[in-house]
Structures are given as structure tokens and as C-alpha cells.
Amino acid sequence: MKPQKVTLAEGVELWCGDAIKVLPLIEPAHHVITDPPYEDHMHNSKENARGIRTDGYQSPRAVRFASISKLRPVITPQMVQACSGWLIAFCTPEGIAPWRDAIEAAGARYKRACFWHKPDSAPQFNGQGPAMAVEAFVTAWCGSGPSRWNGGGRRNLFEHMTKQPDRDGGHETEKPVPLMGELVTLFSDRGEIVLDPFMGSGTTGVAAVKSGRKFIGIEKDQAYFDIAVRRVSAALSQPDMFVEIPKPKQESLTAGWPRQKKEARK
């Protein structure tokens, strides 16, 4: 299927298609901030396919997409090529080393693993070992010169509840908007382009437009894509009074222009 592009506002583009096919078509971005599929052991785990929560929260649904393991060597060079600043990708703690290796093989500078602490994460109900209270994400610098961010000397631990009041719930592995908002504001500046090649239900896009960033999102699952269009559109219609968001634009286009050189727009 030919990739389809929906333009929601000036500098806010959502693509429905395979990221491997779409990335060569889009304009360069300043940063990649994404939540790709996790490693094999998470997709094969029985805990992803059965209701195990007994603490009042909804049990997770089984994921319907493949793990990152086979895709990572192919997509990482494309993501590095597509941005001139930070590359941030969520993973399990076990996925840190494979991501580091793929990032360095693609020519970017791996910086550090960071961790999202989830105070409301599920306990280990069978009592046979410690529960998972954190998820990880790797950070790498794809630009030239020293890396730059807005966090000063702060540490690499981020704490946000999984169950937020604004949680949409349309995606099995949805990240909290406050978490993604913190990462967007720390690792990018207003007016810059944030790219998410694994957009899912659009949380990174919501965080980006609410923070005054431009956004390009890619998602191949039509159902998730439709959720993302709805959520990002709603975020554009409810601007932060202190942030200038992209101007709404009433058009929908299909893919077609050639890829430009890697340099991001200034």
C-alpha cells in the first residue's frame, strides 16, 4: 500500500505506512523521539497475553505487532540519517546493549541509557522474583559537534505514573503524555521538528505540538494511525496558553516528493 500523508497543521504531518518506506520520503527532522516495539522476550511472554492484574487496574492486552529485533539493524541507520540531533528510543533494560550497538554501527554517538520509573506498575503477583518497575530508553547524538539539551546536569531517572487522567487507552503500550512532554522539552527546542517513526496512537505527537514543536509521525497500523490523527488534532485544538502551536491546515496529501539532503531546517 502506498504511504498516505495527512497534514494537520503547518509542520505537523502524520504518515500511514511502513517507516522503512516512508523515511526516505520525508524532510529531515531535528530529533527522533520514539517508542518502538520491544525485544523478543516481551512479545513472547505469557504476561502479554493473559489477565494477571489483581489490583484493580486493567490487564494489558496482547500486542499485535512484531518485536524490534529483526527490524532494528535496518531502521536504525535510517533514523540516524533522518535527524541532526537527538535519537531517543524506548526499550527494555535487556534492549539497551543491542540498541547501543546498532546506533554506533550507524555512525551516531551513543550517550547513555535512561529510565522511566513507574510508581503504579504491577507487582510480581506470583512472588517468584522482583517486578518490573522501570522501562528504559537510550539516547544518542546524531549531530555534529557537542551534544546539547535543556536538562543541565539532571540525572537520567524520570518518574511518571502509567495511569494518567488523560490516558487514551487505544494502544496496548501507550506512554504517558507527561513523560513524553518532559522528554520533548528536554531534548528539543520550540519550533524544531520531532520525528516519531513508530507513532502508535500519537502520544509523542500530542506532547510535541503542545510544547510548540513541529511533528512528523509514521504508523503502519491503520487503527492506531486513526487514533493518532484524532489525538494530535485534539491537541492542536486545545493549545497551551503560553505556547504558540503550529497553525491549523486543512489539507490531506499523498506521498510523493523526493528526499532532501540530511541538513535539518534552521
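User: In which helix does Arg-72 lie?

Analyst: Arg-72 belongs to helix H3, which spans residues 72-82. Helices (H or I, at least four residues) and strands (E, at least two) are DSSP runs, numbered from the N terminus. The model is predicted: local features need pLDDT of at least 70 and side-chain atom pairs count only at pLDDT 80 or more, while totals for chains, interfaces and linings use all residues. Residues are numbered from 1 along each chain as its sequence is written, and side-chain values use heavy atoms, with hydrogens and water left out.

User: Does Arg-72 count as buried or exposed? With which residues is Arg-72 in contact?

Analyst: A residue is buried under 20% relative accessible area, exposed over 50%, and partly exposed in between (1.4 Å probe, protein chains only). Arg-72 counts as buried because its relative accessibility is 6%. Contact means heavy atoms within 4.5 Å. With neighbours within four places in sequence left aside, Arg-72 is in contact with Glu-39, Pro-77, Gly-95, Pro-98, Trp-99 and Ala-102.

User: What pLDDT does the protein average?

Analyst: pLDDT is the predictor's confidence in each residue, from 0 to 100. The average here is 85, and 80% of the residues score at least 70. Over residues 45-53 the pLDDT is below 50, although this stretch has 22 contacts in the model beyond near neighbours in sequence. Residues 250-266 also stay under 50, with 41 contacts beyond four places in sequence.

User: How many salt bridges does the structure hold?

Analyst: Side chains of opposite charge can pair when their charged atoms come close. The criterion for a salt bridge is a side-chain nitrogen of Lys or Arg within 4 Å of a carboxyl oxygen of Asp or Glu. The structure holds seven. One of them joins Asp-35 and Lys-175, whose closest N and O atoms are 2.8 Å apart. This pair links distant parts of the chain, 140 residues apart: Asp-35 is in the loop between strand E3 (31-34) and helix H2 (40-44), and Lys-175 is in the loop between strand E7 (157-159) and helix H5 (177-187). Asp-35, at 17% relative accessibility, counts as buried, and so does Lys-175 at 5%.

User: Which parts does the pair of Glu-135 and Lys-118 tie together?

Analyst: The closest N and O atoms of the Glu-135 and Lys-118 salt bridge are 2.8 Å apart. Glu-135 lies in strand E6 (residues 134-141) and Lys-118 in the loop between strand E5 (109-117) and E6, so the pair ties together parts 17 residues apart in sequence. Arg-231 forms a further salt bridge with Glu-174, with closest N and O atoms 3.7 Å apart. Salt bridges that share partners join Asp-35, Lys-118, Glu-135 and Lys-175 into one network.

User: Which residues in the largest nonpolar core touch the most other members?

Analyst: In soluble globular proteins, nonpolar side chains tend to be buried together. A nonpolar core is a set of buried Ala, Val, Leu, Ile, Met, Phe, Trp, Tyr and Cys residues joined through side-chain atoms within 4.5 Å. Of the 36 residues in the largest core, Leu-8, Leu-14, Phe-90, Leu-183 and Val-232 touch the most other members. H5 gives the most to this core, with seven residues. Not counting residues up to four places away in sequence, Leu-183 touches Ile-33, Phe-90, Phe-137 and Phe-158. A second, separate core of 31 residues includes Ile-26, Cys-83, Ala-89 and Cys-142.
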